[in-house]
Amino acid sequence: RIMTIKEAQQQVDIWIRQYGGGYFGELTNLGILTEEVGEMARWMVRKYGDQKLKPSEQQTDIKAAIEDEMTDILWVLLCLANQMQIDLTTSLEKNILKKTTRDHNRHINEQAQ
């Protein structure tokens with residue numbers, strides 16, 4: 001069974017209330033989100049960019065590290081959405097519609113040029 005976005009928001013909320021001692025403030029979570037994006041960027045640069053792994057990172061499974069950081073990012077986004085009473089399922093549906101309406105030919109036309 002696949003977890004929906006709504007279920008993920010609910011699971012994070014339950015965990016925060018049961019184990020997390022409550023939500024951090026929104027600005028704190030924004031800082032944490034930025035930190036997690038930076039950590040993912042570090043691994044992406046090591047895997048796909050010009051930086052090489054440090055000796056202490058040689059044994060790291062980079063794909064697993066990127067996956068972990070992406071999940072940390074998702075966690076914090078779910079926290080922020082919960083705090084701000086944003087239904088990410090509805091928001092994503094609206095965003096897809098916006099992009100489809102606005103960009104339905106944009107990328108296809110760019111490839112043809």
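Glu 36 touches Glu 69, Asp 72 and Ile 73, residues up to four places away in sequence being left out; contact here means heavy atoms within 4.5 Å. The structure is a predicted model, in which local features need pLDDT of at least 70 and side-chain atom pairs count only at pLDDT 80 or more, whereas totals for chains, interfaces and linings use all residues. Residues are numbered from 1 along each chain as its sequence is written, and side-chain values use heavy atoms, with hydrogens and water left out.

Glu 36 is placed in helix H2 (residues 26-48); helices are DSSP runs of H or I with at least four residues, numbered from the N terminus. Glu 36 is buried but has no salt bridge, and Arg 42, the nearest side chain of opposite charge, is 8.6 Å away. Buried denotes under 20% relative accessible area, exposed over 50%, and partly exposed in between (1.4 Å probe, protein chains only). Lys and Arg count as positive and Asp and Glu as negative, while His and the chain ends are not counted.

Six salt bridges are found in the whole structure, each defined as a side-chain nitrogen of Lys or Arg within 4 Å of a carboxyl oxygen of Asp or Glu. One of them pairs Glu 57 with Arg 42, with the closest N and O atoms 3.9 Å apart. Glu 57 lies in the loop between H2 and H3 and Arg 42 in helix H2, so this pair ties together parts 15 residues apart in sequence. Arg 42 is partly exposed, at 32% relative accessibility, whereas Glu 57 is buried, at 7%. Glu 57 also forms a salt bridge with Arg 46, the closest N and O atoms being 2.8 Å apart. Both Arg 46 and Glu 57 are buried. Through shared partners, salt bridges join Arg 42, Arg 46 and Glu 57 into one network. A further salt bridge links Arg 102 and Asp 103, at 2.9 Å between the closest N and O atoms; Asp 103 is buried, at 12% relative accessibility.

Ala 81, in helix H3, is likewise buried, at 4% relative accessibility. Beyond its neighbours within four places in sequence, Ala 81 contacts Gln 9, Ile 86 and Leu 88.

The mean pLDDT of the protein chain is 94, and 96% of its residues reach 70 or more; pLDDT is the predictor's confidence in each residue, from 0 to 100. Confidence is highest in helix H3 (residues 62-83), at a mean of 98, and lowest in helix H5 (residues 106-112), at 69.

Key
Helices (H or I, at least four residues) and strands (E, at least two) are DSSP runs, numbered from the N terminus.
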